[in-house]
Amino acid sequence: MKIAQALTAYMPTAAVVAVILYATWLPAPIGDTELPLFEGIDKVIHAIFGGGLAGAILFDYTRSRPSLRVARPAVVWYVLMGVMAFMAVDESVQGMLPIGRPADYADLLADWLGAAVGALTAPRAVYATVRAARQRSR
């Protein structure tokens, strides 16, 4: 796959990465607004980040391969490991930046849990979505 095609094929993944970096590397990404919905909303958001990234990668991977029905288990495993590594680096960098937000192991665990749920549930959901899109385009 050529670089230009890869960039186009993985735009949803790039968008998710951009949102994650924006939300985790800025001192106050949503301004002075607190998230008082319920205790632990921060962890839910981190789980959504991990699951969203795993799902986006698997979606883009499947969508860019017309003959593929569902990502193979090995691909899902590699995506999960890659997302977990990315989230560990992201949380570490957040702790090193002078933004007043420390790295938090509980956030990292939420990221990883979300990534696991996303990676394990995404292949079938992605297959159904891509299949429906391919049928509409015919």
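The crossing of helices α3 and α4 is right-handed. This geometry comes from a predicted model. Helix α3 spans residues 41-63, and its axis lies 10 Å from that of α4 at an angle of about 140°. Angles over 145 degrees would count as roughly antiparallel. The pair α3 and α4 is therefore classed as oblique. On the α3 side, the contact is made by H46, F49, G50, L53, A54, I57, L58 and Y61. On the α4 side, V75, V76, V79, V83, F86, M87 and E91 take part. By class, the residues of this contact are 12 nonpolar, 2 polar and 1 charged.

The mean pLDDT of the chain is 87. A value of 70 or more is reached by 95% of the residues. Helix α4, residues 73-96, has the highest confidence, with a mean of 96. Helix α1, residues 3-9, has the lowest, with a mean of 78.

Helix α4 also packs against helix α5, which covers residues 105-137. The two axes come within 9 Å and cross at roughly 160°. Helices α4 and α5 are therefore roughly antiparallel, the cut-off being 145 degrees. This crossing, too, is right-handed. From α4, the contact draws on V76, L80, V83, M84, M87, A88 and E91. From α5 come D107, L108, D111, W112, A115, A116, A119 and P123. The contact of α4 with α5 holds 12 nonpolar and 3 charged residues, and no polar ones.

A further partner of α4 is helix α2, residues 11-25. The axes of α2 and α4 are 10 Å apart, at an angle of about 30°. Angles under 35 degrees count as roughly parallel, so α2 and α4 fall in that class. Their crossing is right-handed. Helix α2 contributes V17, I20, L21, T24 and W25. These residues meet F86, M87, D90, V93 and Q94 of α4. The contact of α2 with α4 divides into 7 nonpolar, 2 polar and 1 charged residues.

Residue Q94 was examined individually. Q94 lies in helix α4. Its relative accessibility is 3%, so Q94 counts as buried, the limit being 20%. Neighbours within four places in sequence were set aside. Beyond them, Q94 is in contact with T24, W25, I99, R101 and P102. Of these partners, T24 and W25 belong to the α2 side of the contact with α4.

Conventions
Residues are numbered from 1 along each chain as its sequence is written. This is a predicted model: local features need pLDDT of at least 70, side-chain atom pairs count only at pLDDT 80 or more; totals for chains, interfaces and linings use all residues. Side-chain values use heavy atoms; hydrogens and water are left out. pLDDT is the predictor's confidence in each residue, from 0 to 100. Helices (H or I, at least four residues) and strands (E, at least two) are DSSP runs, numbered from the N terminus. Axes are lines fitted to C-alpha atoms, for helices over the stretch in contact, and angles run from 0 to 180 degrees between N-to-C directions. Angles under 35 degrees count as roughly parallel, over 145 as roughly antiparallel, 65 to 115 as roughly perpendicular and the rest as oblique. A crossing is left-handed if the near helix is turned anticlockwise from the far one by less than a right angle, and right-handed if clockwise. Contact means heavy atoms within 4.5 Å. Ala, Val, Leu, Ile, Met, Phe, Trp, Tyr, Cys and Pro count as nonpolar, Asp, Glu, Lys and Arg as charged, and the others, Gly among them, as polar. Buried means under 20% relative accessible area, exposed over 50%, partly exposed in between (1.4 Å probe, protein chains only).
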